[in-house]
Amino acid sequence: MAGLTAQNLAGLTTENRMRSAMKKTLMALGFITLMSALSGSPGCKNDSGTTSYGTPPPPPPASNTVTMPGLSFSPSTLTVTKGTTITWKNTDATAHTSTSDTPGIWDTGNIPAGSSATTTFNTAGTFGFHCTYHSAMGMTGTITVR
Ligand SMILES: [Cu+2]
């Protein structure tokens with residue numbers, strides 16, 4: 001236990017010294033690059049995994065599915081990060097669409113029952129959407145991209 005602690009402290013000191021010297025570079029290259037550099041260097045193997053510092057990289061864009069049960073979107077309100085691809089999965093017994101309220105942003109066109117379509121959201125904003133067949137029946141939603 002004591003030996004392990006000493007080793008960890010030594011590792012931490014080494015990391016901190018290295019961090020000071022390379023701070024700007026590390027900040028530019030990011031955490032992933034640091035991790036791969038450490039794991040790619042056998043001499044530094046004791047250092048990898050003993051400490052965690054800095055801001056983790058943002059999570060990769062999520063893949064989200066919106067289903068269409070009973071003349072509705074589920075979820076009807078969602079927030080995603082830029083770059084997210086939404087799969088519109090028609091789980092209903094009738095055809096639907098996912099169409100932006102503002103014309104021309106996106107429109108899946110007809111999605112037959114049991115089929116899917118995808119839309120990738122690369123622009124931040126809040127977008128209302130609807131099914132062109134059933135918007136009057138409340139088949140609407142809102143997606144926030146940030
Ligand atoms: Cu519909």
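Two strands count as paired if DSSP finds at least two bridges between them. I keep that rule at hand for Thr99, which stands opposite His130 in β6.

**Entry 1: the model and its confidence**

I am working from a predicted model. I checked the confidence before anything else. The mean pLDDT of the chain is 77. I find that 62% of its residues reach 70 or more. Two stretches need care. Over residues 1-22 the pLDDT stays under 50, and the model has twelve contacts beyond four places in sequence for them. Residues 31-45 also stay under 50, with ten such contacts. Where pLDDT is low, predicted coordinates should not be read in detail. I leave both stretches alone from here on.

**Entry 2: overall layout**

I listed the secondary structure next. The chain has two helices and seven strands. Along the sequence I read α-α-β-β-β-β-β-β-β. Of the 146 residues, 12% are buried. I also looked at contacts between residues at least 6 apart in sequence, and 48% of these join residues at least 24 apart.

**Entry 3: the sheet**

In which order do the four strands of the open sheet lie? I traced β2-β7-β6-β4, with mixed pairing. β2 (77-80) and β4 (99-100) stand at the edges. Each has a single partner strand, so one side of each is left without a neighbour in the sheet.

I then went through the pairs.

- β2 and β7 (residues 140-145) run parallel, over four bridges. Here Thr77 stands opposite Thr142 in β7.
- β7 and β6 run antiparallel and are joined by six bridges. Phe127 faces Ile143 of β7 across this pair, standing opposite it.
- β6 (residues 125-130) and β4 pair in the antiparallel sense, over two bridges. That count meets the cut-off of at least two bridges. This is where Thr99 and His130 stand opposite each other.

**Entry 4: the core**

Which residues make up the largest nonpolar core? I count ten: Val66, Met68, Phe73, Ile86, Trp88, Phe121, Phe129, Cys131, Met139 and Ile143. In soluble globular proteins, nonpolar side chains tend to be buried together.

Leaving aside neighbours within four places in sequence, Phe121 is in contact with Val80, Lys82, Thr84, Ile86, Ile143 and Val145. Among these contacts, Ile86 and Ile143 are core members too.

**Entry 5: the loop between β1 and β2**

I moved to the loop between β1 (63-67) and β2, where Pro75 sits. The peptide bond from Ser74 to Pro75 is cis, with omega near 0°. Leu71 is found in this loop as well. I noted its positive phi of about 55°, although Leu71 is not a glycine. Is Leu71 buried, exposed or partly exposed? With 15 other C-beta atoms within 10 Å, Leu71 is partly exposed. Burial would need 20 or more.

**Entry 6: Gly109**

My last stop was Gly109, in the loop between β4 and β5 (116-121). Why does Gly109 count as exposed? Gly109 has 10 C-beta neighbours inside 10 Å, and the limit for exposed is 12 or fewer. I also checked Gly109 against Cys131. The two are 22 residues apart in sequence, and their C-alpha atoms are 9.3 Å apart in space.

Methods
Residues numbered from 1 in each chain as written. Predicted model: local features only at pLDDT ≥ 70, side-chain atom pairs only at ≥ 80, totals over all residues. Contact = placed C-beta atoms within 7 Å. Core = buried A, V, L, I, M, F, W, Y, C linked by C-beta atoms within 7 Å. pLDDT = per-residue confidence, 0-100.
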